[in-house]
Amino acid sequence: MHATENHEIVHQKPYVTASNIPTLAKKKQCSIKNLSLNGLFKNTCGRYSTPNIWTEYYALHEILWTLHQSCWNEKASVKSTESGNHTKVLRVAGLPSFSVNCFHPLVKSLEEINYYLNNTAPQEHTLTYQAYTVALRGVVTQFNQSVTDYEKGVARQRATSTISQLLLRLRSWTFNIKAIAAMHTTIMQMSSSVADNNTRSTHLLSVVYDSAQKAQITNYSTLYPVLLEILFASLEPFFNMVDLWLDQGVIVDPYQEFGILRNEAVSPQDERFWSEVFVSRTTQPLISFLKPLMDDILLGGRSVELLTQLKRKSMRVNGGCPSGTLIETFRHRFSRFASNHFECEKVFHSPIVTVTTEKDHKQEVRNPLLAKTFETLRNHSSRSQPSKVEGVCVPLEFYPLLPLLERSLMEPLRNRQRMVCRALLDTLYEDCCLKLHILNIRRIHLMQAGDLMGRFCLQLFQKLETGEKWDNESSLTLSLLNCISSRMGQCGSYLSVTIKRGNVQQTPANLVDVQINYKVPWPVNLVITNDSIFLYNSVLRFLMQIKQGMFSLQHLSFKDLNCMDVANVNYPRQQELLSATCRHRLQLLRAWLLYFISSVDNYIMECVLESSHIRLDMQLENAVHLGQVIDSHQEYVTSIHKQCLQQPSGAFLRDAINEVLSISREVVIAWKNGLELEKLNKLEENYLRHHQFVAAVLGTDSAHSMLPHVETLAAALIHSCPATR
Amino acid sequence: MPSEVITLQLGQCGNQIGFEFWKKLCAEHGISSEGVLEDFATEGVDRKDVFFYQADDEHYIPRAVLLDLEPRVINTIMNSPYAKLYNPENIYLSKHGGGAGNNWGSGYSHGERLFDEIFDIIDREAEGSENLEAFTVCHSIAGGTGSGLGSYMLERISERYPKKLVQTYSVFPNLAESSDVVVQPYNSLLTLKRLTLNADCVVVLDNTALNRIATDRLHIETPSFTQINSLVSTIMSASTATLRYPSYMNNDLIGLVAPLIPTPRLHFLMTGYTPLTNDHEETSVRKTTVLDVMRRLLQPQNMMVSTTPDRNGSHCYTSILNIIQGEVDPTQIHKSLQRIRERKLAQFIPWGPASIQVALSRKSPYVTTSHRVSGLMLANHTSISTLFARTLQQFDKLRKREAFLDQFRKEAMFQDSLDEMDDSRDVIQNLVDEYTAATKSDYLSWGMNRPGSSAAGAQTLA
């Protein structure tokens, strides 16, 4: 075919090889740099054009060369022509599809991308932006490679190469690069308006992620893998930061783009350390697939920070770091999940299976609609063949991106987080003796060491009973240490007893003023806080009052039971009988009081404390990070505090129990000193009233809902109520 | 600072059951027959110092005083592998070695004569204890030494150590068989008086019931003393388990005993234990839940006191303490208690609290048992009075005929008169009456049987 006009392109055997392209360009006195489509047309269509015959081959080469140059030079793109119209159509016979517009958007997009790639200094970028830039460059390189490859084919002249073919070949690239350029424009718009690097980086990742997600639906086979690759590359700095943080406890964040910041206001010794050591840099929402994992990252970060403060390296503790970096594992897993998915699909569509399936369908699927649906599904799946781009095996388009990303990231990230959290827990349990400290407090403050604390209490109660001076703090501390020395000598250095009398220093100290301090060492104080020691002491004081009532009643000897004051009765025989009866009644009142107080003590020690201990032990055993340990312990302390009626909601029951304890104190005094009959009657009435009140209250549903397991105490008091017996 | 317990073993029976008890304790605490801690005993969750103290070479010595008026049983002990276990200074054998001749009076007189020597030992032991809580006396009430010397010791100890708890493990004679000791009813009654007046808590070990249990439950045709004593030692070790394996509750004897004994004289406790196993016979392993154990403990056939069947159904529990050993969830205990209350498996006194106490205790890690949970019941039951009533009947039969009193009249106490016997009878009759009264709701006014008694007051709690 020969060109008959200037603008005609003649199909003929090409005589120019690829190596001739620069020569050709020089011939046209255009520098290689300035060679563009516009230049091409200017030379061919303008007034300086020479009436050369343009072959399609020639034009093809020129286009390829232009595209090749566009990949590296942001100025090699279409600019306004002299006429201001760059949409001139090459009126070429037989090539109606060939117009400048066909390549213009591609070249324009490339120009925009190249403008960014070539005009932004690396130091202006955050690490995420740098990675994104590299990824973008990679895409451009791939496009260039594709162009070069095609050009090589053209140069070999083994087959007919036409502009139409090129158009067809570049169609997907055109679409991709246009989309990438559009995405890039969105990123740049935000980037220019925001100074905060964290927000910028997060925005970049969000835009890329959103674009990939959209591409999965709109252009699954071509654009989606490219955007995925950009996304993964852009995520790499973030992943590396996380990786390094969880491994070595260091946040390497030169551009302040990492979303988490060390709170310097919180010292490691601070009880708030765990909850406040790291703060969010901004409130910028994360990209969706990272959101559920941020808690894990933060947990791991806190753990490794504490390990660092403890001068321990997490990986050393665990005997080795996980193989590969986080990003490598992530990419590997992503590819594997995708491959597995395909493999499953392949198995399903393998010839044998297919035959079987088809046969089955033919034989078994008699419903025509169902058969058609199967057919459609098979056809659809067979179209969606996997394509590998840079190691990314793309899953089927109907497999959502979000869960795939989450699955790929979750396990390696959580492995790292678990490893470091476990290392911290092991250190706390083994080196810092966390469980031992909790156990010590249980034994002392919750009187789990019943025999040892029983001795301490007994000494205290005896002094209180005899009116001996008891409230010397040093003596109390010594007494406590002496009592516990046989089995708990090692915790003596943590303990001291103080008397907190509040504002009224003049009034004599009481049991409610006793406080056993436990100097909790760091970092155990992150779990056993000062507040929890306060709650423990509150429970301890209540327990001591109950034990005092119980001990004093238990230690009443029948030999010591004094004669009752029956002086108002005239006859000696009557006096004797009356005295005997009164003694009997006092013995019985003692039995009732002992029953009541023992029941309360049983309830607290077994149903509340022992059950709670068992639950806490299980929770500590199953805890996977320190946060859970802190929460479990906090919940445990609050729960026992509530169940021991130390909160306002249980005040009325506590008061009733205190009344009974006060009756028991009067009985103890009466046991030794005697009492008037009238007083005995009053004590009995008082006891009866309080027993009935507590039994009635505990029998209600509201008490059951407020106090777990209280039904056992309720049953004991209701079943044995003085009025009914 | 533990609460220590000194064990006094009196007479043949007392020393035999004491010997079995120490064997059991040694096994449970991982202590060898020579008092040395075994290599495997490393758990350290127990409190050995309640019943043992450590010598300078750190071997464990029982806080035990062995007293007898004749040498046979103590010699057997001293020829056993456990000879080196005891402190030789704590073993007292009467120099003449003739024993008390199954005569309470002789035993009592010996006590008076040997007071200084015996109390030298006891005082030394008591002073060597940091915080002595109780004396435990092991003896029989039917013989001469355990009953007579035992009675004397009870009187003196309660005088000398009024603040210390005195608990006894008292073996009552087998009333189903004719005894060689013809004066057994005298001995028993005289001892019972001291147990009533001078002891704080008496754990009744009834030979009749022990033999029945050995025959019926353990399928031993002719139970030997060793087998019966092994049963007794099981009871003794289980009843002290909470003291030896400290926990959050029930770590002292007074805490266990006080709720069981609402009034001073009603302090005779019967025991029950389940599941019982025989070392010589393979027994089928049953499933032992807390409820199973607690229910079985309430069955009369498991009680180690043989009481006369109650035709009127008036007898009832005053209080119960179940010591449950094994790995038990506390909530199971309360569910079981709830079930027992709902089903009314135990009938309680009408005038006081229906007190079922449950104490949880660990098992020894060094003694393997085929059962997950085991239980001991210490119960204050009014039907125990039938045992005393039978003793009274037997006493009355002899006393009416003034039979076999010559030997007693030789002793200082009975030279002038036999008033002591009659007084003892009154005390025991009074005790039986009080137990009977305790079955009724007007127990509170017991003793007020004269006009004008209404001045006693409102009696709100009755």
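How many cavities of 30 Å³ or more does a search of the whole structure find? The search finds eleven.

## Basis of the model

This is a predicted model, in which local features need pLDDT of at least 70 and side-chain atom pairs count only at pLDDT 80 or more, while totals for chains, interfaces and linings use all residues. Residues are numbered from 1 along each chain as its sequence is written, chains are lettered from A and ligands numbered from 1 in the order in which they are written, and side-chain values use heavy atoms, with hydrogens and water left out.

## Cavities

A cavity is a set of points, on a 1 Å grid over the protein atoms alone, where a 1.4 Å probe fits but cannot get out; lining residues have an atom within 4 Å of a point. Grid points are joined across faces, edges and corners, and a volume is the space filled by probe spheres set on the points.

The largest cavity holds about 300 Å³ of space. Its lining has 26 residues, and those closest to the centre are Tyr595(A), Ser599(A), Asn602(A), Ser355(B) and Ile356(B). At least two lining residues each come from α20 and α25 (710-719) of chain A and from β10 (317-326), α11 (330-343) and β11 (355-361) of chain B. Helices (H or I, at least four residues) and strands (E, at least two) are DSSP runs, numbered from the N terminus. The most is given by α20(A), with eight residues. The lining comprises 15 nonpolar, nine polar and two charged residues, where Ala, Val, Leu, Ile, Met, Phe, Trp, Tyr, Cys and Pro count as nonpolar, Asp, Glu, Lys and Arg as charged, and the others, Gly among them, as polar.

The second largest cavity has a volume of about 130 Å³. Of its 13 lining residues, Asn198(A), Thr202(A), Leu205(A), Phe238(A) and Glu257(A) lie nearest the centre. Two or more lining residues are given by α7 (197-218) and α8 (223-248) of chain A, and α7(A) has the largest share, four residues. By class, this lining has seven nonpolar, five polar and one charged residues.

## Asn198(A)

Asn198(A) belongs to helix α7 of chain A. Asn198(A) counts as buried because its relative accessibility is 4%, and buried means under 20% relative accessible area (1.4 Å probe, protein chains only). A polar atom of the Asn198(A) side chain lies 2.8 Å from the backbone oxygen of Glu257(A).

## Nonpolar cores

A nonpolar core is a set of buried Ala, Val, Leu, Ile, Met, Phe, Trp, Tyr and Cys residues joined through side-chain atoms within 4.5 Å. The largest has 288 residues, of which Ile230(A), Leu626(A) and Phe388(B) touch the most other members. Helix α20 (residues 572-622) of chain A supplies the largest share of this core, 19 residues. Another core, of 57 residues, lies apart from it and includes Ile91(B), Ile213(B), Ala214(B) and Leu260(B).

Neighbours within four places in sequence aside, Ile230(A) is in contact (heavy atoms within 4.5 Å) with Tyr132(A), Ala135(A), Leu136(A), Val139(A), Ile180(A), Met183(A) and Val208(A).

Thr318(B) is in strand β10 of chain B and is buried, at 2% relative accessible area. Not counting residues up to four places away in sequence, Thr318(B) touches Pro262(B), Phe348(B), Ile349(B), Trp351(B), Pro353(B), Asn380(B), His381(B) and Thr382(B).

Met706(A), in helix α24 (residues 701-706) of chain A, is buried with a relative accessible area of 19%. Leaving aside neighbours within four places in sequence, Met706(A) is in contact with Lys642(A), Ser649(A) and Gly650(A).

Technical notes
Buried < 20%, exposed > 50% of the residue type's maximum accessible area, 1.4 Å probe, protein only. 1 Å grid on protein atoms, 1.4 Å probe; cavity = no way out; pocket = protein on both sides within 12 Å on 5 of 7 lines; lining within 4 Å. Polar contact = N/O pair within 3.5 Å; in protein donor to acceptor, adjacent residues only side chain to side chain.
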